[in-house]
Amino acid sequence: MSTAVAKTIDFASLPFEEQKAHFFDVAKRALPLWGYPDDSEFKLLNITENATYLVTHEGYDKLIMRVHRMDYAEKDSIRTELAFINYLRENTDLNLAAPIPSKTGEYVMTIDTPEMDEHRNVVCFTFAAGKAPRDSADDTESLSKIMAAFGKVPNAITLPLFRVAGRAYDGFNSIMPTKSTLNANDRHFYQLLGEIAAKLHVASSKWERPEYFTRISWDWDGTFGPGWNNYYGKHYQQCEFLSDKEKSAIDECVALMGDRIEAYGKDPSRYGLIHSDLRMSNLLEDGDKITVLDFDDFGCGWYLTDIAGVVGFAEHRPDLKEIVDEIVTGYTKVRELTEDDIREIPTFIMLRRIGLIECLQYHLNNTDVGSGEAAEINPEIMQFFCTTTADLAKKYVKEFKDLPMASPVE
C-alpha cells in the first residue's frame, strides 16, 4: 500500500491575501518568544521586503516586530545587521530603534512551518515615536494620492495617460525658471540628513566585523547582474512599462554609468558599509529628533549611495540639485568629500533610480501600505516612475558624457 505524500505549500504561489495571513500567523507564533501575551494587539505597518507590525498590550512596552521574507537575508546576515545597529547605538549619537533580545537572549528567532518546509526569521525592536518627514515642497504624497485614485480605472486608459503625464511633468520642470522652493527648515533638515549619513560612514569604517559577518553587496552586479541581483532579478529590459526607445535610452545611461563607476573605483575612502536606503519613509521625525530605521538593506557599497538614497523616489524634482547641495553641506561637516565624489553623486542617484525599476517590478501589487508607506505600488505609479526615469537617463547622458572621469585615489 502506497502512502500519499503531502504536497508542500509554496508561499510564493499563494494569493497576496493568503501571504499576508501567513505573515500574521508567523508573527502570532513568535510573540511568546519575547514574553508578550497571546492576546496582544497587532497593527500592520507595512509589507514590502518584510512584514512589520506594531504590537501593543496594556502593561507592556510597545514593540515593533519584523517578520522576514525568505529570499533576502539568512540568519547570520540578520545577526550582522543587528550587531551593527548595537555598535552604532553605543558609539555614535545617532537615534536608532534598539534590537530586543528574545527570552533566550537571542536576537533572531526562527519560526518553522513544516507544511511549507519553511524556516522564517523574526526580530523585534523598541518603538520609536514620530512620523516620516516631508519637506515643504515635497510632491510625492500628492502624486501618490492622484495615482491611487486612478487605480480603479482600466489600465488601458490610465497607463497611456501616466506615460504622457510623466513626460509633461518632466517637460514642465525643464522650462520653468529655477526658483528655490526650499525654506530654512528644509535646508536644515537636508543638512541634518547629510550629517547622519556621514556619521554612519565614519562609524562603519571603524567597526570590527563579527566572525559571522554576512551582508549584501550593493555593487554593480547587485544592480545589473544577470539573473538574481539585489533588486530581485527583475531587469529593466523586461519591464512592460518601458518602450523599446526608453529601454535604449536607459541602456546608454547604464553604459556611461558603468564606465564612470569603474573609474571611480572601490577605494576604502569611497566604498564601505552603508545603510543603502536612507529615504524619508525609513526615518521618523519627532520634534528635533530624527530616528533612522530599517537597516534591512545595510551592506557593502559606495558611500555616495546613501546620499542618493535620501532623494530616492524624488529624483524627478526640479530642485534636486539644490537638495543635494544641502545634503553635501551637512555631510562635509563630518566627513570629507573630494571634487570627484561630489561630481559623481548624480551617477549614483541614477544607479539607484534605475535599480528601483527592477525593485518596483518585484513589488507590483504585492505590497501593503499599512500605515508606513505613502502608496501601494500600482501600475499607474510604475508608468509614471518608468517614464520619468527614461527622461532622467537622457538628461544624465547629455550632462555627463563629456565630463572628466574620477581619478584613482592615491
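Modeller: We can begin with a sheet. Five strands form an open sheet in the order β1-β2-β3-β6-β5, with antiparallel pairing. Its edge strands are β1 (41-47) and β5 (109-113), each pairing on one side only. Neighbouring strands in this sheet are turned by 30 degrees against each other on average, direction ignored.

Colleague: What is the source, and how are residues counted?

Modeller: This is a predicted model, where local features need pLDDT of at least 70, side-chain atom pairs count only at pLDDT 80 or more, and totals for chains, interfaces and linings use all residues. Residues are numbered from 1 along each chain as its sequence is written, and side-chain values use heavy atoms, leaving out hydrogens and water.

Colleague: What makes β2 and β3 a pair?

Modeller: Two strands pair if DSSP finds at least two bridges between them. Five bridges join β2 (residues 51-56) to β3 (residues 63-67), so they count as paired, and they run antiparallel.

Colleague: Why is α2 called a helix?

Modeller: Helices are DSSP runs of H or I with at least four residues; strands are runs of E with at least two. α2 has 17 residues, so it qualifies. The expected span is 1.5 Å times one less than the number of residues. From first C-alpha to last, α2 reaches 24 Å, close to the 24 Å expected.

Colleague: Where does α2 lie?

Modeller: Helix α2 (residues 75-91) lies across β3, β5 and β6 (118-126), at about 10 degrees to β6. Axes are lines fitted to C-alpha atoms, for helices over the stretch in contact (heavy atoms within 4.5 Å). Angles run from 0 to 180 degrees between N-to-C directions.

Colleague: Which residues of α2 are buried, and what covers them?

Modeller: Buried means under 20% relative accessible area, with a 1.4 Å probe and protein chains only; exposed means over 50%, and partly exposed is in between. The buried residues of α2 include I78, L82, F84 and I85. Their cover includes β3, β4 (95-96), β6 and α5 (184-206). Of the chain's 410 residues, 53% count as buried.

Colleague: How confident is the predictor in the chain?

Modeller: pLDDT is its confidence in each residue, from 0 to 100. The chain's mean is 85, and 83% of its residues reach 70 or more. Over residues 145-169 the pLDDT is below 50. Where pLDDT is low, the predicted coordinates should not be read in detail.
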